[in-house]
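Hi,

Here is the structure I promised to send over.

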Amino acid sequence: MAAQHICLSGLGTGLLLILDELGKFLEYAAQHPERQDVYFLQTLAEAAARSGRHTILVVGLLHQGFNAYAEQLTQVAQKEWEKVAGRFDEVLFNQPLEQMTGLIADALQVQTDQLPKAVSAQATGDMKAAIKLGWYGSSAGDDLASLAPRLYPLHPTVIPILPRLFARFGQNERSLFGYLCSDEPFGLRAFAARPLRQAGFYRLHDLYDYARINFGHRLAVQSYRSHWNQVESVVESFPKVDIDRVNLLKAVAVLNLLDDPDLRASDDSLLLAVAPSRPRDDLSEAIQELRRKTRVLYHRGAAGGYCLWPHTSVNLDRAYQAAVRAVGVPSPIAPHLRADLETRPLVARRHYIETGNLRHFIVRYGAADELEALIEDDHRRADGIILVALCETEPDRRKAMAFSRSASACARPDLLVAVSSPLAALAGLVHELHRWHWVAANTPDLNHDSYAAEEVARQLAAAREALDRRLRSYVGLRQFDQATELRWYRHGKPLAISGGRELLSTLSTICDEVYPDAPRVLNELVNRDSLSSAAAAARMRLIERIFKHGGEPLLGMDTKSAPPEMSMYLSVLREANLHHVANDEWAVGLPDGLADRCRVRPVFARMLEILEGRNEGRVSVSELFASLRRPPFGVRDGLAPLLFAAFAAAHEHDVAFFEEGAFLRTVGGLEFQRLLKDPGRFEIQYCRMGGIRAAVLDKVFRLLKPGEVRPAKSDILDVVRQLCEFAASLPAYTHRTGSLSPYASAVREVILQAEEPATLLFTQLPTACGVGRLGTDAAPKAELIEQFVKRLKTALDELRTAYPALIERVKSEVLSALARPGRFGEARASAAATARKLLIAVSDTRLKAYCLRLADDRLAEREWLEGLASFVLSKPPSKWRDADVRSFGEELERLAAHYRRVESAAFSAKGDPVEAVRLAVTRTDGREVERVIYVGPEEEKRARALEADFLKLLRAEDRVGLVAATRALWHCLDGPAKAVDSEPE
């Protein structure tokens, strides 16, 4: 439109567009392909080609060829640039070498009249030799030789090299004349600063040092074309003691770098270019030695000259072109980049330094469609999340930004969302890397050509480095020296984060906001998630001291030693004032607000809140730790057990511990060792005292310990612990018998099945006693408490006497079975004497054991009864059931009858402490009964009186009286054995 307007308005015949310093634009486009598109030049070229009558002429001014600016791009990108360059006609401004030589001489402005004649003569002679070698072209005349002194200190062999060197690696004449006048390292001015007698000529080996320092990074990138890495390695590794040989290698290196057919590294050119410190014949010999003996020079024939690398059979250019055809452009690009992304967590450094809490943010990468799923993953071990959206295109980028404003993202205060620029611009670099991977994997000849294999490895490394460098600018999280292109969002709002330092500062700010109630403990041994084995052992020793030595200064530790637990004690318990002097005694307790230097009160308040919120229910220790780990506390896993131990010690009268449902009567170091290994197995319960409960606690304590006053430090656990110990000490018979009263039976069951102290004492026991639950806020009621305590006492007394009552019943049945007169002790002594006599004759094992039990008169009465009862039923009476009590009487009667029959057969009154008679009655049917009957001294008078009465009656009736008396005796003897006129003790 502009060209048409100019033509129609008569202002001109067309539009001339001059793009000066076009190279600057091309350099920027090569470095930032996503921001500058070189195809814009193609559009301009096409517009100019189709302009017709309204002529458009586009002229770009460049110091180098179009393709020279694309050296850092991939091979495919360079091909694309070549296509764009093909739209323009390239007009080269390339002055002849003779003119360049004159310009260099004019620029140097050497005062030739002050040069030593020998120097001028050598310069002229060497110039003629160089012209003869063809280094200045076939048309060079003798007048060029006259310029040689004016070029000093440049040697004539250097002049043909300079324009070619700067045309390839610089900006032609600008770089050339900059080299002549600047102070670059190993440049001409640095060389010319030497004294004239020491300087000599600036030769090819000096130019090598200049090129290595100033162009080395460019040369290494394209080393597979120039073999620069191989060349530099040979030169730099050669011993520096032989300066002539080193200079020869440097001269060959410069010529190999240009690889110009007009500038061959032949014997003549090397002898001319290198100034020997010895005769020239020695230099020729040195060339041959480097070739044949040292084998660092390789001769490529008369047309090729010497080079510093061996012949290679692998055509890397051809292999690369095959890779271009075989490897397609990756799409999408993000999956190919994830392996190279930085996934190490980031630490909030300032927050760590100020609070001692080492917090980290995990890094997750995902496409725009994956962000919602990534935020829902389990990140329990992380303090925050950095979610980086890898956007392929601009629509993906907008979708990721919309996610940052979503409800799920805004609900996470610990979430940072980073949105990348479209990654499609990195496709070329990824493609380049894949091509070189393809070359390495699909070129078998590399196995036999170490040089080519090294070159491919270097190209792989260079491609990866280029990709990593660009990738860091896109999604780098640790960019401390340059800005990142990521856009950051939190709660749906953008954040000004331009680099790594701002990011770390933001992470600390987030941690300050998310964890405002976190304790401040500056101890790296314990205030962390994962403790070393030594630190864990020290923490365990400190916890043991909390429970065992809480009333001692320093928890009883020696002030002269410094174990790791001492460090934990000083930085946690002492610094937080958790261990302090209260009422002139050292104790573990909650510090007041002013003394809470470590901000542990919010943590203790949270633990108490959770326990009280369960209304005397249990709370898993793992659940408690998990709550402390979450915001706003964020307590580290290594510190939480130590604070929990301090909390338990401070509330030792109010908390109860349970392990796998079983109440723990004591809690100390061993219990905490198991707790730390598996917190899920342990539960804790808070028992709050107040109102009627305090009165009940006093009454029950006096019931269990009559005459004692409940100590101020005693608590519900002390009382419940005594009840549990009482129930545990009862025999198994008491646990099982059904002969108890309803109250005693109910009390027994609730104590044996008790799981929670407060529930047992204030709910289950009162209910079992018919009183009902005792609440925490009710006013004390004396009659209610008295009724409960009275019934509880009755029940406990009945439980306590249940087993002794069983033993009394056993005693009564044993006395009846002995069938001896007198009290129990007398009957037992009489039975023992008889049993000892029978032991000689008895052979039946069970009856003999019965006799042994009867004969043992050394045991106390209760032990003897328990032993006899255990023998009768083969089970101690403490383990009997109600059915065993009935079985005992039956089995005892069978044993006693057997014993009496044996006793009757072996009857003898001699030596017996009481008088005994043996009765035997035989009937006509053959049946017979017999009995040995014992009469004690106190029964003798009554027996004689009855004897007189019986005699009168029998004498009066004669035979009939004897028959009647015999029949009466039969009926008496044929029934169960009875103790004659005996009374129980």
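Let me start with salt bridges: I count one when a side-chain nitrogen of Lys or Arg is within 4 Å of a carboxyl oxygen of Asp or Glu. Before you dig in, note that this is a predicted model, so local features need pLDDT of at least 70 and side-chain atom pairs count only at pLDDT 80 or more, while totals for chains, interfaces and linings use all residues. Residues are numbered from 1 along each chain as its sequence is written, and side-chain values use heavy atoms, with hydrogens and water left out.

Salt bridges

The whole structure has 44 salt bridges. In one of them, Asp 106 meets Arg 150, with 2.6 Å between the closest N and O atoms. That pair links distant parts of the chain, 44 residues apart: Asp 106 is in helix α5 (residues 97-108) and Arg 150 is in the loop between α7 and α8. Helices (H or I, at least four residues) and strands (E, at least two) are DSSP runs, numbered from the N terminus. Asp 106 is partly exposed at 45% relative accessible area, and Arg 150 is partly exposed at 31%. For these labels, buried means under 20% relative accessible area, exposed means over 50%, and partly exposed is in between (1.4 Å probe, protein chains only).

Next, Lys 399 and Asp 369 form a salt bridge with the closest N and O atoms 2.9 Å apart. Lys 399 lies in helix α22 (residues 394-404) and Asp 369 in the loop between β6 (360-366) and α21 (371-375), so this pair ties together parts that are 30 residues apart in sequence. Asp 369 is exposed, with a relative accessible area of 61%, and Lys 399 counts as partly exposed at 40%.

Lys 793 is partly exposed at 42% relative accessibility, as is Asp 797 at 27%. Elsewhere, salt bridges with shared partners join Arg 359, Asp 383, Asp 529 and Arg 636 into one network.

Rings

Arg 359 turns up again here: it lies over the face of Tyr 515, 4.2 Å from the ring centre. Likewise, the charged end of Arg 618 sits over the ring of Phe 658, 3.9 Å from its centre. (A charge sits over a ring if NZ of Lys or CZ of Arg is within 6 Å of the ring centre and within 35 degrees of the ring normal.)

The search found 18 aromatic pairs in the whole structure. Among them, Phe 166 and Phe 215 are edge-to-face, at 6.1 Å centre to centre with 80° between the planes. They come from distant parts of the chain, 49 residues apart, with Phe 166 in helix α8 (residues 161-169) and Phe 215 in helix α12 (residues 204-221). Phe 166 is buried at 1% relative accessible area, and Phe 215 is buried at 6%. Tyr 320 and Trp 436 make a tilted pair, 5.1 Å centre to centre and 45° between the planes. Here Tyr 320 is in helix α18 (residues 316-326) and Trp 436 in helix α24 (residues 427-442), 116 residues apart. Tyr 320 is buried at 1% and Trp 436 at 0%. Rings of Phe, Tyr and Trp (its six-membered ring) pair if their centres lie within 6.5 Å; planes under 30 degrees apart count as stacked, over 60 as edge-to-face and the rest as tilted. Ring pairs also link Phe 166, Tyr 179, Phe 191, Tyr 202, Tyr 210 and Phe 215 into a cluster.

Backbone

Two cis peptide bonds to look at: Tyr 152 to Pro 153, with omega near 10°, and Pro 631 to Pro 632, with omega about 5°. Pro 153 lies in the loop between α7 (142-145) and α8, and Pro 632 in the loop between α30 (621-629) and α31 (640-650). Phe 186, which is not a glycine, has a positive phi near 65°, and Arg 295 has one of about 60°.

Overall

The protein chain has 44 helices and 18 strands, and 46% of its 985 residues count as buried.

Cheers
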